There are 2 protein chains.
Amino acid sequence: MERRKFLATSSVAGGVAVGMAAPALAQTSNQPDIRWRCASSYPKTLHTIYGAMEMVTKRVAELTNGHFRISLHAAGELLPALQVLDGVQNGTVEAGHSASYFYIGKDPAFGFGTAMPFGLNARAQNAWMYEGGGLEMLNEFYATQGVTSLPVGNTGAQMAGWYRKEIKTVADLVGLKFRVGGLAGMVLTKLGVVPQQLAAGDIYPALEKGVIDAAEFVGPFDDQRLGLNKVAKYYYFPGWWEGSATLTMFINPKAWDALPPSYKAALQVASAEANQWCTAKYDVGNPTALRQLVAGGAQLRSFPKPVMQASFKAAETLYQELSDKSPAFKKIYVPWKKFRDEQLMWAQFCEAPFDNFMAGTIKRV
Amino acid sequence: MERRKFLATSSVAGGVAVGMAAPALAQTSNQPDIRWRCASSYPKTLHTIYGAMEMVTKRVAELTNGHFRISLHAAGELLPALQVLDGVQNGTVEAGHSASYFYIGKDPAFGFGTAMPFGLNARAQNAWMYEGGGLEMLNEFYATQGVTSLPVGNTGAQMAGWYRKEIKTVADLVGLKFRVGGLAGMVLTKLGVVPQQLAAGDIYPALEKGVIDAAEFVGPFDDQRLGLNKVAKYYYFPGWWEGSATLTMFINPKAWDALPPSYKAALQVASAEANQWCTAKYDVGNPTALRQLVAGGAQLRSFPKPVMQASFKAAETLYQELSDKSPAFKKIYVPWKKFRDEQLMWAQFCEAPFDNFMAGTIKRV
């Protein structure tokens, strides 16, 4: 009698199996074995950026009792650093960890996923991504490019890099051979800078020999490892082209769609954790590195206000030009700019007065 | 031949079972059914704070295919708002979502988990929690109190609240009946303020009748719902007692220890996601609410610098007194203060110059 009742129930549920094996088998289908490969645009030595994606792979494995495993590969192992997006698009890899702004050559709208000159700080960038419609807008655009995405890591505001000579006026930018990429390079070109593209490992010798006059990278924690303070003593701030920079996990849409719901959730939640962790890791590492760089001879300098203002104006001009050229750019730019300005307004009544008062309670480095 | 080979392999792996059922049964033990109850110190109407914990419960269920379920209960349902910690300690509930600083009566060291007057902004608080040893220090202290914890939500810098009269000098604080709690109340007592303890729902009538002169709550998004602008028109900033405020999920250690590793990971990662989301939700909701409050008659005012300085000095004095009184407080305070000052130093070279320049590019509300 009991058994007949059980079989009847089992039949309603779809008759998947009988006896003890029924719930067990149901669970097996919830946790299928899935293996992904993720190509990074970064070397393993960048403990924060590469480390953020590493954190995601570990968490996902933990969350799925080892049934969803993502192997992470440093730049060059599976794909060249700047071809990660292409590899995800064509299915060479299921996922890639990269910076969307590496791909502005395809469409300038790729800039919004990482950093825009005079854009959002880390607080505002996260607000935009998670609650301001940013991630939805980005993924709507990325869908036209054959990928989808999740944010994985934010560096916070970056330094403006290392300069062999001081920048005292806007005129000092004319002819400056500066290792800087993407939209920042396009803005600075308007002010006479000659942007240079160089891999991280090539910066030191180029600066040493005077092939370039200046180079930006990230901030003290990462810059220290390149030893740039030995070949260019002026360390400028703020890096207005990266008021924060988000790293992106690009995902092949077919691979994403094939995931069971709990694995999709695992990727989303692990990405969010790593996004937050990355900024924390930088914030803990940067002050000590900055002190060591200054002790090693680095001279801290802020851009003069006229240089900031001229750069801001050049950026606004560029954004108009890009809006005219790319409908995808314009579609994101208009609400993004409105969002940025609202965040700046709000910051004037809470964060800024608090932060500025607190700044006055300590001595500078 | 194939079957014999399979059985041999199975035997090497520990001979847990034979045939198809083997991996299935192994997985069942990885995802046991677990039910927790979580008591919140907040009402459901606080969509950001209560919502952050709600987000954790949903994520945990998703990640575990519904096998780990946490039912969330608003303040008063299972436990009074301010007895959540006690309920977790004595095992009435497995978990509670609360603010650690509600419990400074037990030990002032409970302040660090939420917010300290002139403490850490949201960026620095997260850096301290996740990479600066903060969460470890807190949990070491909490272990002596019979609980463990995870951060779940950060409000960002709060407003200083609603005042019936302007605060123009330090003398204007004398005799001020101000709805403010915890360590902030202890600091302000030194300046002559008479702190008042009132539940959120009692603030409006008390302010309206003049029983109190001022009240602080959170920020525009939450304050708007209380309608305080109708009974006290001066809206002050910054809320220096909460440069950011972290919400805490207190967990009963026995309940925690009984979780399988993947469920512990699910709670950790879901908490981190909700922590980040909460700030984003506030940042998106606050600007619009602020505009509406101002349109409704709110007059924005910043505390005069002498008021800020006198408050800062009073806070430093209080911290010395509490350090003398509580070894637990002192043990956290010393490294915490060092951490705060290093974060303030670092912010002067990146965040602050960028944020301050950007602030100048827009008009005030």
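Colleague: In what order do the strands of the open sheet of five strands in chain B stand?

Modeller: This is a predicted model. In chain B, five strands form an open sheet with mixed pairing. Their order is E2-E1-E3-E10-E4.

Colleague: Which strands of chain B stand at the edges of that sheet?

Modeller: A strand at the edge has a single partner strand, so one side of it is left without a neighbour in the sheet. In chain B this applies to the strand at 68–73 and to the strand at 148–154. They are E2 and E4.

Colleague: What is the average twist from one strand to the next?

Modeller: The value is an average over the steps from one strand to the next. It comes to 25°.

Colleague: Which residue in E10(B) is the bridge partner of B:Ser149?

Modeller: E4(B) and strand E10 (residues 246–251) of chain B run antiparallel and are joined by five bridges. In E10(B), the residue bridged to B:Ser149 is B:Phe250.

Colleague: At about what angle does helix H11 of chain B run to E4(B)?

Modeller: Two helices of chain B can be described against the sheet. Helix H3 (residues 49–63) packs on the sheet and touches E1, E2, E3, E4 and E10 of chain B, with its direction at about 160° to that of E2(B). Helix H11 (residues 261–295) lies across E1, E2, E4 and E10 of chain B. Its angle to E4(B) is about 30°.

Colleague: What area is buried between chain A and chain B?

Modeller: The contact takes 77 residues from chain A and 78 residues from chain B. Carbon and sulfur atoms give 66% of the buried area. The area is about 7500 Å².

Colleague: Which residues in chain A lose the most area to chain B?

Modeller: Three residues together make up 10% of what the chain A side buries. They are A:Gln276, A:Phe349 and A:Phe354.

Colleague: Which element gives the most to the side of chain A that touches chain B?

Modeller: The elements that give two or more residues to this side include helix H2 (21–30), helix H12 (305–325) and helix H11 (261–295) of chain A. By class, the side has 39 nonpolar, 24 polar and 14 charged residues. The element that gives the most, with 20 residues, is H11(A).

Note on methods: Residues are numbered from 1 along each chain as its sequence is written. Chains are lettered from A and ligands numbered from 1 in the order in which they are written. This is a predicted model: local features need pLDDT of at least 70, side-chain atom pairs count only at pLDDT 80 or more; totals for chains, interfaces and linings use all residues. Side-chain values use heavy atoms; hydrogens and water are left out. Contact means heavy atoms within 4.5 Å. Buried area is the accessible area (1.4 Å probe) that two parts lose on being put together, summed over both. Helices (H or I, at least four residues) and strands (E, at least two) are DSSP runs, numbered from the N terminus. Ala, Val, Leu, Ile, Met, Phe, Trp, Tyr, Cys and Pro count as nonpolar, Asp, Glu, Lys and Arg as charged, and the others, Gly among them, as polar. Two strands pair if DSSP finds at least two bridges between them. Axes are lines fitted to C-alpha atoms, for helices over the stretch in contact, and angles run from 0 to 180 degrees between N-to-C directions.
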